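Subject: A structure for you to look at

Hi there,

Here is the structure I promised to pass on to you. Have it open beside this message while you read, and I will walk you through what turned up.

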Amino acid sequence: MKTLLVAVDNSANAYKLISLAAEQALAQQAAVLVLCCVDFSYSIAEPDEIEAGEDPADFGYAQDEQHTAEAVVHQALSALKDAGVSARGRVVAGEPAETIVALAKELNAAMIIMGRRHLSPFNRLLRGSHSASVIENADCPVLIDVRAD
């Protein structure tokens, strides 16, 4: 069975993106893997060693980021299930574009579906565009939902 990789975040457009993913999954008779990336610095993987100078307050924020990512994936899975789509989800620590492309290759995904942030030209230059990087590096088609809020 084909697999579609859907990259979500905690934005207002996530629901629209999941709706689009459900349409594509049903049309292509594909399963969906919902992915939410968390920055390495905010992941709560247990370290082997604790270094002096680490601020315990940082771990509270990391847990918030991790829990938010998990909640986003759970909401997406619920919506896909309601639409009759077979889906599973993952929260992965890593740089979003690299993580999305690597996981799509690992899964031999038929398509990547993701949103686009409407960054100003300055912010696009400063931070870079995850969607542009995925388009440039993916081995499969990439569907970008560009609908504004």
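To begin with a term you will need: a residue counts as buried under 20% relative accessible area, as exposed over 50%, and as partly exposed in between. Take Q29 as a try-out: its relative accessibility is 63%, so Q29 counts as exposed. Please keep in mind that this is a predicted model.

**The chain as a whole**

The chain holds 5 helices and 5 strands. Going along the sequence, they come in the pattern β-α-β-α-β-α-β-α-α-β. Of the 149 residues in the chain, 36% are buried. The accessible surface comes to about 9,000 Å², and carbon and sulfur atoms account for 51% of that. If you take the contacts with a separation of 6 or more, 78% of them are between residues 24 or more positions apart.

**The nonpolar cores**

Which residues touch the most other members of the largest nonpolar core? They are L4, V6, V8, V32, V34, L80 and I113, out of the 22 residues in that core. At least two core residues come from each of β1 (2–7), α1 (14–28), β2 (30–38), α2 (56–82) and β4 (111–115). Helix α1 gives the largest share, with 6 residues. Another core, of 17 residues, lies apart from this one, and its members include L33, A97, M114 and V134.

Setting aside residues up to four places away in sequence, L4 touches A21, Q24, A25, Q28, A30, A31, V32, L33, A110, M111 and I113.

Then have a look at T3, which is found in strand β1. Is T3 buried or exposed? Its relative accessible area is 12%, so T3 is buried.

**Helix α1 and what follows**

Helix α1 has 15 residues. From its first C-alpha to its last, α1 reaches 21 Å, close to the 21 Å expected at 1.5 Å a residue. Its buried residues are A14, L17, I18, L20, A21, A22, A25 and Q28. A handy point to remember when you look at such a list: an α-helix has 3.6 residues a turn, so residues three or four places apart point the same way.

K16 is also found in helix α1. With a relative accessibility of 28%, K16 counts as partly exposed. K16 and G115 are 99 residues apart along the chain, while their C-alpha atoms are separated by 9.1 Å.

Now back to Q29, which sits just after α1, in the loop between α1 and β2. Q29 has a positive phi of about 50 degrees, although it is not a glycine. N108 is another residue to check: it is not a glycine, yet it has a positive phi of about 55 degrees. You will find N108 in the loop between α3 and β4. At 66% relative accessibility, N108 counts as exposed.

**The salt bridges**

Side chains of opposite charge can pair when their charged atoms come close. How many salt bridges are there in this model? The count comes to 2.

In one of them, R90 pairs with E106, and the closest N and O atoms are 3.9 Å apart. R90 lies in strand β3 (residues 87–93) and E106 in helix α3 (residues 96–107), so this pair ties together parts that are 16 residues apart in sequence. R90 counts as partly exposed, at 32% relative accessibility, whereas E106 counts as exposed, at 57%.

K105 forms a salt bridge with D139, and here the closest N and O atoms are 4.0 Å apart. This pair links distant parts of the chain, 34 residues apart: K105 is in helix α3, and D139 is in the loop between α5 (130–137) and β5 (142–145). K105 is partly exposed, with a relative accessibility of 45%, and D139 is exposed, with a relative accessible area of 67%.

Enjoy exploring, and write back with any questions!

Best wishes

Key
Residues numbered from 1 in each chain as written. Predicted model: local features only at pLDDT ≥ 70, side-chain atom pairs only at ≥ 80, totals over all residues. Heavy atoms only, no water. Core = buried A, V, L, I, M, F, W, Y, C linked by side-chain atoms within 4.5 Å. Buried < 20%, exposed > 50% of the residue type's maximum accessible area, 1.4 Å probe, protein only. Helix = DSSP H or I, 4+ residues; strand = E, 2+ residues; numbered from the N terminus. Contact = heavy atoms within 4.5 Å. Expected span 1.5 Å × (residues − 1). Areas by Shrake-Rupley, 256 points an atom, 1.4 Å probe, with all protein chains shown as cover. Salt bridge = Lys/Arg side-chain N within 4 Å of Asp/Glu carboxyl O.
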